[in-house]
Amino acid sequence: MSKSTNYTINFEAEEIIITKKFGKAASQIGTPEFKVMQQLRKEFTGFSFVYKTIEKKENKKSYKGLNIDEMKRFVSTRTDEEIDMFEKVLALASNKQGKYAIVKKWFLDNYKEDYAMEIDRVKDGYETGNEKNKESEAA
């Protein structure tokens, strides 16, 4: 599916696969997408329209809450050399497109295990604290 057309024609399945963005724009009369949709319907009369599905990786590790401020907080507990290196990475990435992706990759390449352990400790402490609170409320 090319980004310029936002649709793909599957001749075997007799389907036209469209993006949600294209479908929404095509539902508005007078838009260029509406005109393209009319043309597609005219040229491929027996074809059905299907929204493109995005496949998600099930084993993908998500780092919810890992933003640049969180990385700064974590690195601030490390040695001065590590803090300086992080600042250099931030400065290097600051003028580039995808700054967050660059910094996140560097951070995870260097601190993935340590950061994961810290998150697990916080979760364990939080869950243990909740259990104690529930026990004291029940008494």
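Student: Let's start at Glu14: what is its relative accessible area, and is the residue buried, exposed or partly exposed?

Tutor: Glu14 has a relative accessible area of 42%, so it is partly exposed. The classes go like this: buried is under 20% relative accessible area, exposed is over 50%, and partly exposed is in between, with a 1.4 Å probe and protein chains only. The areas themselves come from the Shrake-Rupley method with that 1.4 Å probe, and for residues only the protein chains shown count as cover. Bear in mind that this is a predicted model, where local features need pLDDT of at least 70 and side-chain atom pairs count only at pLDDT 80 or more, while totals for chains, interfaces and linings use all residues. Residues are numbered from 1 along each chain as its sequence is written, and side-chain values use heavy atoms, with hydrogens and water left out.

Student: Where does Glu14 sit, and what is its phi?

Tutor: Glu14 belongs to the loop between β1 and β2 (15-18). Its phi is near 55 degrees, which is a positive value in a residue other than glycine.

Student: How many helices and strands does the protein have, and in which order do they run?

Tutor: Helices (H or I, at least four residues) and strands (E, at least two) are DSSP runs, numbered from the N terminus. Here you get five helices and three strands, and from the N terminus on the order is β-β-α-α-β-α-α-α. Take Tyr7 in strand β1 (residues 7-10): with a relative accessible area of 21%, this tyrosine is partly exposed. Its C-alpha atom is 9.9 Å from that of Lys20, 13 residues away along the chain. Gln38 comes out partly exposed at 45% relative accessible area, and 8.9 Å separates its C-alpha atom from that of Ala26, twelve residues apart along the chain.

Student: What do the whole-protein numbers say about burial, surface and contacts?

Tutor: Of the 139 residues, 21% count as buried. The accessible surface is about 11,100 Å², and 51% of that belongs to carbon and sulfur atoms. Contact means heavy atoms within 4.5 Å. Among contacts between residues at least 6 apart in sequence, 53% join residues at least 24 apart.

Student: Next, salt bridges. How many are there in the whole structure?

Tutor: The criterion is a side-chain nitrogen of Lys or Arg within 4 Å of a carboxyl oxygen of Asp or Glu. A search of the whole structure turns up five. One of them pairs Arg78 with Glu82, at 3.9 Å from N to O. Both partners are partly exposed, since Arg78 has a relative accessible area of 27% and Glu82 one of 25%.

Student: Which residues are linked in a network of salt bridges?

Tutor: Glu70, Arg73 and Glu118. Go through it one pair at a time. Arg73 bridges to Glu70, with the closest N and O atoms 2.8 Å apart. Both of these residues lie in helix α3, three residues apart, about one turn of the helix. Arg73 also meets the side chain of Glu118 in a salt bridge, at 2.4 Å from N to O. Glu118 is in helix α5 (residues 99-138) and Arg73 in helix α3, so that pair ties together parts 45 residues apart in sequence.
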